[in-house]
Structures are given as C-alpha cells and as structure tokens.
Amino acid sequence: MPPPANTRRASSPPDGGWGWVVVFGAFVSIGFAYAFPKGIAIFFKEIQDFFGTSYSEVTWVSSIMLATTYGVGPISSILVNRYGSRPVVMFGGLLCGIGMVSAAFCTSIMQLYICVGFITGLGLALNLQPSVIMIGKYFLKRRPIANGLAMAGSPVMLCTLAPLNQFLFDSFGWRGSFLILGAILLNCCVAGALFRPIGPGTASVKTQVTKEGKGALKQEVTEDAMEISSPTNLPVENKTEEEEDRDCCEKINQYLDFSLFKHRGFLIYLIGNVLMFLGFFAPIIFLAPYAKHIGIDEYSAAFLLSILAIVDIVARPTTGIIANSKWVRPRIQYFFSFSIAFNGTCHLLCPLASSYTGLVVYSVFFGLAFGMVCAMLFETLMDLVGAARFTSAVGLVTIAECCTILLGPPIGGMLIDTFGDYKYMFVKCGLVMVLAGTFLFIMNYYNYRVLAKEEKERKAKEEDPKTVRTENEGKKNWIKETTQDGPELEPLREEQAGPKKEVNGISEV
C-alpha cells in the first residue's frame, strides 16, 4: 500500500549518505547568513568617510540586514513548505549576489540600505531556515552532530571573511570588494543545489492523510445532503463555510501559534531576549572600527574578529556538552541567564582595554560568552515550549527580536557620534545585557517555583480520595435520576431531541 510506504520512509531518514553533502551545503548557507552581516563592518569606516555620514547612519546597513534576516524567517518557512528547500535557497543566493553587485554602484547611503540591507538580507534569510529544515529531513539519530557541524559555519565564515574583506578593500576598494563579495555569495546557489529533495516527510504524510480525510468527509456530507430534502440542505452549507473558516485559522496557527502568549515561560524568554538583542550585535559590528580608532592597523583590527570566531568555534560545542549534563540540564535556564550576564560583563570591562593586547583578551572572553549564548539560544526555548510548538515559537520570537536587532547598532552609533568615544557604546550594551540576564534569572526562578507548586497541587488533587469520591458519587446520582425518570418522560425527551435531529439532517430510527 502506498501510504504505509511513505510513512515508513518518513520515519527513518537516511542519517548519512547524501545527508553529509547536505550538511556541507548547510555549512556554507548558515555560515554566510550569520557571519556576513558582522564581517561587512570592516568597510564601515571607509564608507562613512566616503559618504560623509555619521556612525549611527552607517550602522543602519548591518542593522537592516540583520533585522531582515531574522524577521523574514516565518515567510521563509512558508516558502519552503510550498516550493521546497532547494529552490528557496538558490533564489536566496541569487538575491544576495544581486544585492551586493548593485551596492557597488550605489551613490548614497540610502541606496546601500536597500541593496545591502534589504535585498542581501532577504537573500540571507532565504538561506538560513531552509538549511536547518533540510538537515532535519536527512538526519534523526545523528541530528545533533549534523546541526553542530552546520552551525560551525558561522564562526568559520567570520574567521575567514574578516581578513579577506580587509585584503579586498586594500586591493580593490569598497566598490570592487562588493562586486567580488557578490560573486562569492552566489556560492549559496551551489549550496542550495546540493539540497536534493528527499521522500515525503512526516509532515507531508500527515497533511496528505488530513486532506484525504477531509475529502472523504465532504463526500459523505454531499451524499447525505442529496438523499435529504432541500430545506435541510442549508445547515450542511453553513457547516461547510464554518469548516473553511476553521481551515483558514488552522493554516495561520500552523505557522504562528498565538496561544503561546498565554505561556508564562515563553513570555519570560521573549521579554528577556528582546532586551538582550538591544546590545548583542553592536559590539561585534564596532570592534574593528574601535581598534582602528585607537590607532591599531587595519589587518590587526580585522584579526580581532578572527580571534573571536576561533574561540566561538570551541565555545559552542563545549557549552552544548555542559548544558546537556545531568547537573545543568534540569536548570538550563539559569545557565542561559548566566551566559547573557557574562556577555554583558565583558562589554562593561572593554573600555579598560586601551592596547592591542587588551583587545585580544577582550575578544577571547567575548568569543567565549558569544558562543555560550548562541549555543543555548534555541535549546532554552525548546525546553520551555516543547518540540511540538517550537517552530511557531521561533517564528514569533524572531519577529519580535528583529525590532531591537534593528535599533541596537544605530543607538550605539548615536552614542559614538554624541560623545566622540566608543566606550559609552560598550557600556550601554553591557548594562543592557546584564539587565537582561538578571531579569531572566529572577523570572525563571519565579517560574520554576510556580511550576513546582502547580505540580504539587495537581498531584495532591489526584491523590485526594475525597475529590475522587465526590466526582464518582455525582456521576452515580445523575445516572440514578435519569433512570428514575421512567417511561412517562420519554415522549418529552423525543420532542426535545426531534429538532436537533432535523438540524443535523440525519434521520434516526
């Protein structure tokens, strides 16, 4: 039978074979999506001098790119469900190339916002989520390893792009560099071509079964309606319209489950993360310009990002191992809160680093803290809402986060323009992240206490014999009263049941 065959194929992904080629493609796509908005900051000081703009104005380029990459995530998921991962990623790579090549001919900072920020950011967004989805289709038992290898593309690409961008600028200027980077980003199309479609996934099988079930139900309703007289046809039509409205709501809830806003743990996570992202990306964007500002040469300044990325490569899997241990796993939310506060502490201490050695030390600790946060960013969300609601939760979180991602770097640039010093930007980011980590720690402690109390009350209610006895007695009394009514109330019951039978359009004997 075809359905069982599809179900069997969906329940056992290959866990290898061509899947490792898919992991390599995801490594490239995810690496560009996460690292490119940070690596492009190498050009900001020169672009600022060329157009005569302020720090806050030039940082809108990365802000718009990051916000677009995060905010378009739900749309990317919808396109993948409609067309598949391969064409979406290839189209995204094409957009990235077009955006960067167009940026090479821009004559104003506003045109850079559109070409680099929006068009390239949209292309990166269409690369990020389909890559993660494709790994889930090819791997089950080895999925953590496959995801870890693919996510390693972010620090590896950042480690490579930082010195490469500086070399391209010295050789070809920022316009020539953008042309070459546009050609390099076209490799995302090659990565997308590696995403060979696999057999129908579990979700496709469920959708097919659901559609077949709905089709059979509609056919039965139609046949019943033909057998019944025309006056009783109206309720059936109304029911079909209600089903269509319900189907529309189900399609919306399939991607965005708004009932999550009633989930206490999800709201705590959302508020803390939205606050955290106000200071999360600005230090990376301004690290190289800050080094140049204090008199460090261009290549040494770019190498600071490479140091950060190398430490990040080591920090992510190490943090994953620690977070998965039996001591940390039950209270992973506390570990996540500590990581955010540790990240903020690094930024608060950064103004004390006035030499290149000090900035190297800062980059090492910043890379460690950054890797810790990134390693647990989605794991803590899944811990709160569960795997079944995770996809919808990610969509809602990324939509909310893109607002502060968009505003964070320009606010930092505004502080630099106002005070003429980078230290106020680092202090702002540090205070925001320490505040976010403290908020998450306190509120998660409160959430754990409330959950333990609710669980205790539930168990006490289940074990209380009086509650069980009262419910059983109520059921017995109701059955006894119904039996004692006797045959004299039977005609009345039939009169009350009669209209309901007519409305439903079903004749009972």
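In the predicted model, the side chains of arginine 458 and glutamate 455 meet in a salt bridge, with an N to O distance of 2.5 Å; a salt bridge is here a side-chain nitrogen of Lys or Arg within 4 Å of a carboxyl oxygen of Asp or Glu. Because arginine 458 and glutamate 455 are 3 residues apart in helix H19, about one helical turn separates them. Helices are DSSP runs (H or I, at least four residues), numbered from the N terminus. Arginine 458 is partly exposed at 39% relative accessibility, and glutamate 455 is partly exposed at 33%. Residues are classed as buried under 20% relative accessible area, as exposed over 50%, and as partly exposed in between (1.4 Å probe, protein chains only).

Residues are numbered from 1 along each chain as its sequence is written, and side-chain values use heavy atoms, with hydrogens and water left out. Since the model is predicted, local features need pLDDT of at least 70 and side-chain atom pairs count only at pLDDT 80 or more, whereas totals for chains, interfaces and linings use all residues.

Side chains of opposite charge can pair when their charged atoms come close. A search of the whole structure finds 4 salt bridges. One of these joins the side chains of glutamate 46 and lysine 292, at 3.8 Å from N to O. Glutamate 46 belongs to helix H3 and lysine 292 to helix H14 (residues 282–293), so this pair ties together parts that are 246 residues apart in sequence. Glutamate 46 is buried, with a relative accessible area of 16%, and lysine 292 is likewise buried, at 13%.

A further salt bridge is formed by the side chains of arginine 264 and glutamate 454, with an N to O distance of 3.7 Å. This pair links distant parts of the chain, as arginine 264 lies in helix H13 (residues 264–276) and glutamate 454 in helix H19, 190 residues apart. Arginine 264 is partly exposed at 28% relative accessibility, and glutamate 454 is partly exposed at 39%.

Helix H19 also contributes to a nonpolar surface patch. Leu348, Leu349, Leu352, Val427 and Leu431 form this patch, which has about 460 Å² of accessible area together. Helix H16 (332–349) and helix H19 (423–463) are the elements that give two or more residues to the nonpolar patch. Patch residues have over 30% relative accessible area and no salt bridge; like charges are joined within 9 Å, and nonpolar side chains (Val, Leu, Ile, Met, Phe, Trp, Tyr) within 5 Å. Accessible areas come from the Shrake-Rupley method with a 1.4 Å probe. Valine 427, located in helix H19, is partly exposed at 31% relative accessibility.

Two packed helices are described by the angle between their axes and the distance between the axes. The axes of helix H3 (residues 44–51) and helix H9 (residues 153–185) come within 11 Å and cross at roughly 70°. H3 is therefore roughly perpendicular to H9, and the crossing of H3 and H9 is right-handed. Angles of 65 to 115 degrees count as roughly perpendicular, and a crossing is right-handed if the near helix is turned clockwise from the far one by less than a right angle.

Glutamine 166 lies in helix H9 and is buried, with a relative accessible area of 1%. The C-alpha atoms of glutamine 166 and phenylalanine 43 are separated by 7.9 Å, although these residues are 123 residues apart along the chain. Alanine 315, in helix H15 (residues 298–323), is buried at 4% relative accessibility. A C-alpha separation of 8.2 Å is found between alanine 315 and alanine 375, which are 60 residues apart along the chain.

Notes:
Axes fitted to C-alpha atoms, helices over the stretch in contact; angles between N-to-C directions. Parallel < 35°, antiparallel > 145°, perpendicular 65-115°, else oblique.
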